[in-house]
Amino acid sequence: MRAANGYSPRSNGRFLACTGYPECDGTRDLPTELAKESGGAPATPEVPEQACEKCGKPMAVKRGRFGYFLACTGYPECRNTKRIVIQKGEATAVADVPLAEKCPKCGNHLVIKQGRYGKFTACSNYPTCKYIKRETLGIPCPEKGCTGEIVVRRTRKGRTFYGCTLYPKCKFTVWDKPVAEPCPDCGSPILLDKLSKKSGPLRYCRNEACQYERTLD
């Protein structure tokens with residue numbers, strides 16, 4: 001085995017690979033000492049042994065596209081996973097937080113999960129059941145004829161924006177937070193809040209032809 005750059009199949013730094021790579025695709029993580037010397041990816045985090053709460057089989061540390069996580073060794077029959085968070089050099093598997101609310105699609109309880117961009121609420125049977133609860137603002141979509149609501153969304157880089165629940169049928173999206181207040185000048189059903197570096201908090205109309213805005217206390 002030799003050290004190789006982390007392109008395909010791994011994109012998280014350097015790793016050990018067969019000298020016949022890529023024809024022979026045998027790979028593994030670098031040992032701790034070699035990883036430090038070569039400036040490669042950190043060694044596999046050590047997490048206390050634990051059993052899967054869904055099927056009872058042992059959980060094992062795996063590395064995916066977005067970093068390390070715990071996965072049930074009963075895969076693919078059991079797809080239970082937990083995100084691994086590293087703080088002050090210590091690795092901890094973040095457990096799901098059960099909720100009393102039930103999934104509207106399959107009837108299982110909802111849980112709070114830890115994802116790449118932070119916490120989110122999903123079905124406890126996720127990913128078998130794909131239901132993810134969106135954070136709604138309780139504001140109807142302002143697009144004419146649309147029956148959707150405005151929800152909080154995030155980009156792949158974790159930046160927050162706001163869109164319609166009926167996307168992609170409805171293309172409504174804005175970066176600034178919508179407010180259920182009609183514009184006093186043009187009658188637009190919503191206004192937007194933003195933080196101006198010069199003026200502080202502002203509330204303004206999203207209609208480009210309308211110049212309405214006011215500062216907030």
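This is a predicted model: local features need pLDDT of at least 70, side-chain atom pairs count only at pLDDT 80 or more; totals for chains, interfaces and linings use all residues.
Local features were taken at pLDDT of at least 70 and side-chain atom pairs only at pLDDT 80 or more, whereas totals for chains, interfaces and linings use all residues. Residues are numbered from 1 along each chain as its sequence is written, and side-chain values rest on heavy atoms, with hydrogens and water left out.

Strands are DSSP runs (E, at least two residues) numbered from the N terminus, and two of them are paired if DSSP finds at least two bridges between them. An open sheet is formed by four strands in the order 8-9-10-11, with antiparallel pairing. Its edges are strand 8 (97-102) and strand 11 (132-133), each of which pairs on one side only. Strand 8 and strand 9 (residues 109-115) run antiparallel and are joined by three bridges. The bridge partner of Lys102 in strand 9 is His109.

Val94 belongs to strand 7 (residues 90-94). Accessibility is classed as buried under 20% relative accessible area, exposed over 50% and partly exposed in between (1.4 Å probe, protein chains only). Val94 counts as partly exposed because its relative accessibility is 24%. Contacts are defined by heavy atoms within 4.5 Å. With residues up to four places away in sequence not counted, Val94 touches Lys82, Arg83, Val85 and Gln114. The C-alpha atoms of Val94 and Thr81 are 9.7 Å apart, and the two residues are separated by 13 residues in sequence.

Side chains of opposite charge can pair when their charged atoms come close. A salt bridge was assigned where a side-chain nitrogen of Lys or Arg lies within 4 Å of a carboxyl oxygen of Asp or Glu. By this rule, seven salt bridges were counted. One of the salt bridges is formed by Glu143 and Arg206, whose closest N and O atoms are 3.4 Å apart. This pair links distant parts of the chain, 63 residues apart: Glu143 is in the loop between strand 12 (136-140) and strand 13 (149-154), and Arg206 is in the loop between strand 18 (200-205) and strand 19 (213-215). Glu143 counts as partly exposed at 33% relative accessibility, as does Arg206 at 31%.

Glu181 forms a salt bridge with Arg214, with 2.9 Å between the closest N and O atoms. Here, too, distant parts of the chain are linked: Glu181 is in the loop between strand 16 (177-179) and strand 17, and Arg214 is in strand 19, 33 residues apart. Arg214 is partly exposed, with a relative accessible area of 28%.

A salt bridge also joins the side chains of Arg203 and Asp193 (2.6 Å, N to O). Arg203 lies in strand 18 and Asp193 in strand 17, so the pair ties together parts ten residues apart in sequence. Arg203 counts as buried, at 14% relative accessibility. Salt bridges with shared partners join Glu181, Asp193, Arg203 and Arg214 into one network. Strand 17, which holds Asp193, spans residues 191-196. Beyond its neighbours within four places in sequence, Asp193 is in contact with Asp176, Lys177, Val179, Leu202, Arg203 and Leu216.

Disulfides, defined as pairs of cysteine sulfur atoms within 2.5 Å, number zero by this rule. The closest cysteine sulfur to that of Cys78 is in Cys52, 3.7 Å away and therefore too far for a bond. Cys164 is likewise in no disulfide, the nearest cysteine sulfur, that of Cys146, being 3.6 Å away. Cys78 counts as buried at 10% relative accessibility, and Cys164 is buried with a relative accessible area of 1%.
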